[in-house]
Amino acid sequence: MQTVDATLEREASLVRDAKEYSIVDCDVHPLATDGLNSVYPYMSRAWRRRFSEKGATVQSPLNVRFSHPTGAIRPDATTPSGRTGGSEPEFMREDLLERFGIAYAILSGLEPARFAVGLAGPDESTSLCSAFNDYFIEEWLSVDKRFRYVICVSPQDPEKAAQEVRRHANTRGVVGVYLPPMNILMGNRHHYPIYKAAQRAGLPIFFHVTGAEIIYQGAPVASGGWPESYAERRMAFYQVGEANLASLVFTGVFERFPELKFVFAESGFTWAVPHSWRMDATWQMFRAETPWVKRPPSEYIRERVGFTTQPLEGPIGDSAGLNKIIEMLGEETLLFATDYPHFDQDNPDWILRGLSAETKAKIFSRNAHRFFRLD
Amino acid sequence: MTPVDIGKSSDFPKGKFRVLAVGGIEIGVVRTSRGFFAVRNICPHEGAPVCRGRLSGTMLPSAPGQLRYGLGGIVLRCPWHGWEFRLDNGQAVFGTARGRVRTYKIELIGGRVQLHLKPALGAVSTPPLPESRR
């Protein structure tokens, strides 16, 4: 029994270790419990009729080419009533908050985000985003005081999106603005009304791929060409983050909106190290072309950009190598996330084991407070 | 170590894991057409409850553009990141990961299922498995 006891002891110490921190989970995805039927009460009768007569659904049809090979939602997150994981706030409380000792979970809705970038028109997506926002605020934030929410806005109509930001500037529990990536890069002036409103409200911009990428018109395309499989397309998701980060830097968004922060969620972060090197080198050579970039790009990034940790990747079996990457990127930029209830969820009790207690405190908790008003 | 009697053979529905708390740890036991298997309910990757994953076969390494399905019924796919493990030896399939799920020996004695807690490399009640079934 010695082996079993030793294993149990080791596992118990891991669990205690993670729960010592007041964990902020910066990437959690709720689904509307009953699809659009849950959201309809939050829109006018005319808009409800518009969508119901079209047979609208939250299911975004994916072609076989790019659909997930085995299902994107964890089968073990299925609710006791048999619903898809992530669709019932009460079960999310139990299966995420209680199970992993999460102090705050920041919810972002991918259903409105996909409508926002291409699955609905400009007016339709604006109406849907508002309704989803009201639904999640009303029916999820009320379930547990640990839930927080980033409102989703449609980039297809930036003026209306800015209005939506202003509408929720002081809504309790709203901690950010989810701006789903479209086929106009984030540095483009198209988005400035949204940034102006977000900066004024003191809310960060939350970046997260929607699943519409490389499939639907209006969503970002892949650089170089069209991938052939889910695996290839998953690799291309990082390109979207890379392109948008460079766009924010070189268009001068960090100078135009000096208080605005950005959170890149589920976009990876290891790539951001060499990406920053290349941006700094480019700035040294070509500063005169974009003279509004007044400091090395890596400085803006360290101060104003956060990257969520999930999906945590690094050299396999080399935790020291991963730690070095974190040090090079800047440990103050990393925000812990699970990505519940998706298949590639990270477990706070198992990851980042080799880091110091100080660094873990920053990544699990403290850094998130730098970006989001949580208390 | 004395094996633990965990019930009658007929207590175990075919193809569905029963997760038991034995000696303070969770062990999933499943009856398949190839016999009984027992694995620790922890994925070595990130600690997910691996026994809540799907039990099936998988695609074997093949030439580009071709598909070959095999290892039917002895591949356990973790419900989190989809890592695949062989039930008979716990190893990740085809070198996809270094870690493996812990397996335990099962014996059937007089219709009773006996679980040996000491980690074992394989389930003795099963015949050797072919790598491929076309």
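In chain B, strand β2 (residues 18-22) and strand β3 (residues 25-32) pair in the antiparallel sense over five bridges. Strands here are DSSP runs of E, at least two residues long, and are numbered from the N terminus; two strands pair if DSSP finds at least two bridges between them. This is a predicted model, in which local features need pLDDT of at least 70, side-chain atom pairs count only at pLDDT 80 or more, and totals for chains, interfaces and linings use all residues. Residues are numbered from 1 along each chain as its sequence is written, chains are lettered from A in the order in which they are written, and side-chain values use heavy atoms, with hydrogens and water left out.

Stay with the hairpin. B:Val19 has B:Gly28 of β3(B) as its bridge partner. Two residues lie between the strands, and B:Gly23 takes a positive phi near 60°.

Now turn to chain A. Its mean pLDDT (the predictor's confidence in each residue, from 0 to 100) is 94. Residues 1-5 of chain A are another matter: pLDDT stays under 50 there.

Strands of a sheet pair through backbone hydrogen bonds, either parallel or antiparallel. In chain A, eight strands form an open sheet with parallel pairing, in the order β1-β2-β3-β4-β5-β6-β7-β8. A:Phe307 has A:Leu334 as its bridge partner in β8(A).

Next come the charged pairs. A salt bridge is a side-chain nitrogen of Lys or Arg within 4 Å of a carboxyl oxygen of Asp or Glu. Helices are DSSP runs of H or I, at least four residues long.

How do the chains meet? In contact (heavy atoms within 4.5 Å) are 20 residues of chain B and 20 residues of chain A. The buried area between them is about 1,700 Å². That is the accessible area (1.4 Å probe) that two parts lose on being put together, summed over both. B:Glu46, B:Arg52 and B:Trp80 supply 35% of the area that chain B buries against chain A. Across this interface the rule finds zero salt bridges.
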